[in-house]
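Visitor: I am new to this structure. Please show me how to read it, step by step.

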Amino acid sequence: MHNYPLRRLVLLTCLNFIYFALPSTALSGTHCVYPPELWCSDQTISRACNVEKQCLQWGRTVSDPQAVGLGLYYESLCPGCREFILDQLYPTWKKLGNDVINITLVPYGNAEEKFADKKWVFTCQHGVDECIGNLLETCTLNISKDFSSAFETIHCMESSAGDPYSLAQKCCSKFDVDYAKVSSCANSSMGNQLEHDMALKTNALKPPHKYTPWITLNGVHTEKIQNKAQSDLLSVICATYQGPPPPACQTSLSQQKRCPRE
């Protein structure tokens, strides 16, 4: 049986030792607004309080908080998918960044596939252009130098209607993504395999997806998560993130309607 009260007492004793053993100037000039019992709970806090070395010395594991995993299973011409990307996902990502939210985009959705003539043949809910859009966005994710440039490009493509190749060319050039490579990928066996991989990821969902957009939070999907994410994704990510609240989360909390105690 774990003796949690004893472990807590030992931890608090060590933290108090750290506090009183610090030189008088150790906390001067820092932005430490955290109580001692939190100093070694997170690397950001230990750095802010200038006790990172002491936490490590006393064997307290200090690690950066993990970003919240947000999975989006979607299709390129789905109106609801576009609305979620434009109104919720992209603005939340711009406010919080990759350190707080780790986005996985899976452009496949309600498509179907079959293997014929040594390649995968895709049939998409909103027609041929959607299949092309899915392929172009999948290849953009693969070709781009990092997720940020890929997501900026995909957001740009989802923001407008029109020929998917023309949109891809315009958006790739805007965010320094090599359109020639993206286009070549979309028309190659590599692109065909990459899109098949998106199909496998979608078909592996548990529970199986019933609609798009299909949203997972740290790998989990529930109707509660789905509904809240589609209406206020920022608050969902802020509530799930285990690190110190970034400024956007503090603003989000301060804007909640409350009746103050008088």
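Guide: Start with the surface. The chain exposes about 15000 Å², by the Shrake-Rupley method with a 1.4 Å probe. Carbon and sulfur atoms supply 53% of that area. This is a predicted model, where local features need pLDDT of at least 70, side-chain atom pairs count only at pLDDT 80 or more, and totals for chains, interfaces and linings use all residues. Residues are numbered from 1 along each chain as its sequence is written, and side-chain values use heavy atoms, leaving out hydrogens and water.

Visitor: How many helices and strands does the chain have?

Guide: There are 11 helices and 5 strands. These are DSSP runs numbered from the N terminus: helices are H or I with at least four residues, strands E with at least two.

Visitor: How do I read two packed helices?

Guide: Two packed helices are described by the angle between their axes and the distance between the axes. Here, take α5 (residues 128-143) and α6 (residues 147-158): their axes come within 8 Å and cross at roughly 160°. Therefore α5 is roughly antiparallel to α6, a term for angles over 145 degrees.

Visitor: Which residues of α5 and α6 meet?

Guide: From α5 come Leu136, Glu137, Thr140 and Leu141. They meet Phe147, Ala150, Thr153, Ile154, Met157 and Glu158 of α6. Contact means heavy atoms within 4.5 Å.

Visitor: Is Ser149 buried or exposed?

Guide: Ser149 is buried, because its relative accessibility is 8%; the limit for buried is under 20%. Ser149 sits in α6. Beyond neighbours within four places in sequence, Ser149 contacts Ser144, Phe175 and Val177.

Definitions and conventions
Axes fitted to C-alpha atoms, helices over the stretch in contact; angles between N-to-C directions. Parallel < 35°, antiparallel > 145°, perpendicular 65-115°, else oblique. Buried < 20%, exposed > 50% of the residue type's maximum accessible area, 1.4 Å probe, protein only.
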